[in-house]
Amino acid sequence: MHVRMDELADAPLLPGVELNAVCVIPVNGIWYRVQIVDQDIEETERCVVKFLDFGGYMNVHFNELRQIRSDFMNVPFQSTECILSNVEPIGKLNLNVSICI
């Protein structure tokens with residue numbers, strides 16, 4: 001999929017930025033499918049995106065986002081969000097909970 005995504009180098013900008021829109025963004029020379037999940041409160045030209053194929057979030061500028069080709073929407077997303085419950089560390093660890101969240 002990375003080879004074909006190289007063709008997106010000239011992909012058009014998004015016509016508008018909407019929550020939950022799926023688009024692509026280049027990071028370190030590789031294109032990734034992302035979903036817009038939130039707008040940055042402090043900087044109105046930025047938003048938070050979720051990476052759909054490996055997970056994780058990133059705060060990006062709107063100008064970095066590009067339209068996704070429809071054929072890339074046919075490929076299922078490769079990540080699944082999950083939450084672990086009732087998991088506790090073994091033994092006594094000095095664990096700062098705020099770092100883990």
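Author: A disulfide is a pair of cysteine sulfur atoms within 2.5 Å. This is a predicted model, in which local features need pLDDT of at least 70 and side-chain atom pairs count only at pLDDT 80 or more, while totals for chains, interfaces and linings use all residues. Residues are numbered from 1 along each chain as its sequence is written, and side-chain values use heavy atoms, with hydrogens and water left out.

Reader: How many disulfides does the rule give?

Author: The count is zero.

Reader: Is Cys23 buried or exposed, and how do you know?

Author: Buried means under 20% relative accessible area, exposed means over 50%, and partly exposed lies in between, with a 1.4 Å probe and protein chains only. Cys23 has 0% relative accessibility, so it counts as buried. Cys47, with 1%, is buried as well. Of the 101 residues of the chain, 24% are buried.

Reader: Which residues make up the largest nonpolar core?

Author: A nonpolar core is a set of buried Ala, Val, Leu, Ile, Met, Phe, Trp, Tyr and Cys residues joined through side-chain atoms within 4.5 Å. The largest one here has twelve residues: Leu14, Cys23, Ile25, Val27, Val34, Ile36, Cys47, Val49, Phe51, Val60, Phe62 and Leu65. At least two of its residues come from each of strand 1 (22-27), strand 2 and strand 3 (46-51).

Reader: What makes up the secondary structure of the chain?

Author: Helices (H or I, at least four residues) and strands (E, at least two) are DSSP runs, numbered from the N terminus. The chain has two helices and four strands, and their order along the sequence is α-β-β-β-β-α.

Reader: Where is Gln35, and is it buried or exposed?

Author: Gln35 belongs to strand 2 (residues 30-39). Its relative accessible area is 16%, so Gln35 is buried.

Reader: What lies 3.4 Å from a polar atom of the Gln35 side chain?

Author: The backbone oxygen of Asn20 does. Apart from neighbours within four places in sequence, Gln35 is in contact with Asn20, Ala21, Val22, Val48, Val49, Lys50 and Leu52. Val22 lies in strand 1; its own contacts, by the same exclusion of residues up to four places away, include Val34, Gln35 and Phe77.

Reader: How many aromatic pairs does a search of the whole structure find?

Author: Rings of Phe, Tyr and Trp (its six-membered ring) pair if their centres lie within 6.5 Å; planes under 30 degrees apart count as stacked, over 60 as edge-to-face and the rest as tilted. The search finds three pairs.

Reader: What kind of pair do the rings of Tyr32 and Phe51 form, and why?

Author: Their centres are 5.7 Å apart and their planes stand at 85°, so the pair is edge-to-face. Tyr32 in strand 2 and Phe51 in strand 3 are 19 residues apart, and the pair links distant parts of the chain. Ring pairs also bring Phe54 into a cluster with Tyr32 and Phe51.

Reader: What stands out about phi of Asn28?

Author: Phi of Asn28 is near 55°, a positive value in a residue other than glycine. Asn28 is in the loop between strand 1 and strand 2, and it is exposed because its relative accessible area is 79%. Asn86 also has a positive phi, near 60°. Asn86 sits in the loop between strand 4 (57-61) and helix 2 (97-100) and, at 79% relative accessibility, counts as exposed.

Note on methods
A polar contact is a pair of N or O atoms within 3.5 Å; within protein, one must be able to donate a hydrogen and the other to accept it, and residues adjacent in sequence count only if both atoms are side-chain atoms. Contact means heavy atoms within 4.5 Å.
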